[in-house]
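Subject: Structure handover

Hello,

Here is the structure I said I would pass on. Please look it over before you read the notes below it.

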Amino acid sequence: MTSPNQIQLENIAETDFEIFALLKQRYSPRVFKNELINNRHLGQLFEAVRWSASSNNLQPWRFIYGVQGTEAYQKIFDCLSDFNKTWASNAPLLMLAAYKETNTEGKENFHALHDLGLSLGNMTMQAQYLGIGMHHMAGVNWQEAHKKFNVPNGYHVATAIALGYYGGDLDVLPEDLQKQEIDKRRRKPQESFAFNGMWKENK
């Protein structure tokens, strides 16, 4: 069986240009070490968020998290899509990421979702530095999450995230997901999204 450390080594990105090592190492695991994230590391993750860039320094991000074995964890798990439920139960921590939709004057903050993304980028790199994998999930029933966690009007749950230390046993995953876990990572070429001077979308 492939070891957890070998999985992580095989998932280092083959980049066209040399980039920061943590960026090459980062990927979205579906299997995690059977160990709770310690409070110091959790504090470091949210401190990385705290110092993220945001429009007008509004810091519109909000997070709800639950530790494996708690009621909060189960409530988050219940909001996941059926597909995500096939693997996410082995994550030591589940999290919902939300943003405040308006600014201090009550007007729409068009950049709030962008700022939430920036904060999660910070958290993801801090997590990678600590040996923690993060799997961001679009497959979440945000309406159900709002009900379960009494999310007030003016806030919106955007994504769910599974977190845990890299490691674990591939056998806890369905067979098709085991293959995905060790498949070579692929990305679109830069030319498909970075345009010099004029939009050049190739469909």
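Predicted model: local features only at pLDDT ≥ 70, side-chain atom pairs only at ≥ 80, totals over all residues.

Residues are numbered from 1 along each chain as its sequence is written, and side-chain values use heavy atoms, with hydrogens and water left out.

Pockets

A pocket is an open set of points on a 1 Å grid over the protein atoms alone, where a 1.4 Å probe fits and protein lies on both sides within 12 Å along at least five of seven lines; lining residues have an atom within 4 Å of a point. Volume is the space filled by probe spheres set on the points, which are joined across faces, edges and corners.

The largest pocket holds about 510 Å³. It is lined by 16 residues, and Ala13, Glu14, Thr15, Asp16 and Arg187 are the closest to its centre. The lining has six nonpolar, two polar and eight charged residues.

The second largest pocket has about 210 Å³. Among its 13 lining residues, Asn11, Tyr27, Ser28, Gln180 and Arg185 are the closest to the centre. Here one residue is nonpolar, four are polar and eight are charged.

Sheet and helices

Helices (H or I, at least four residues) and strands (E, at least two) are DSSP runs, numbered from the N terminus. Two strands pair if DSSP finds at least two bridges between them. An open sheet is formed by four antiparallel strands in the order β1-β2-β4-β3. Its edge strands, β1 (61–67) and β3 (132–137), each pair on one side only.

Strands β2 (residues 93–100) and β4 (residues 155–165) are joined by eight bridges. In this pair, Leu96 is opposite Ala160 of β4. Helix α3 (residues 39–50) packs on the sheet and touches β1, β2, β3 and β4, where contact means heavy atoms within 4.5 Å.

On α6, Ser119, Asn122, Met123, Gln126 and Ala127 meet Gln44, Leu45, Phe46, Ala48 and Val49 of α3. This contact comprises six nonpolar, four polar and no charged residues.

Regards

How values were computed: Axes fitted to C-alpha atoms, helices over the stretch in contact; angles between N-to-C directions. Nonpolar A, V, L, I, M, F, W, Y, C, P; charged D, E, K, R; others polar.
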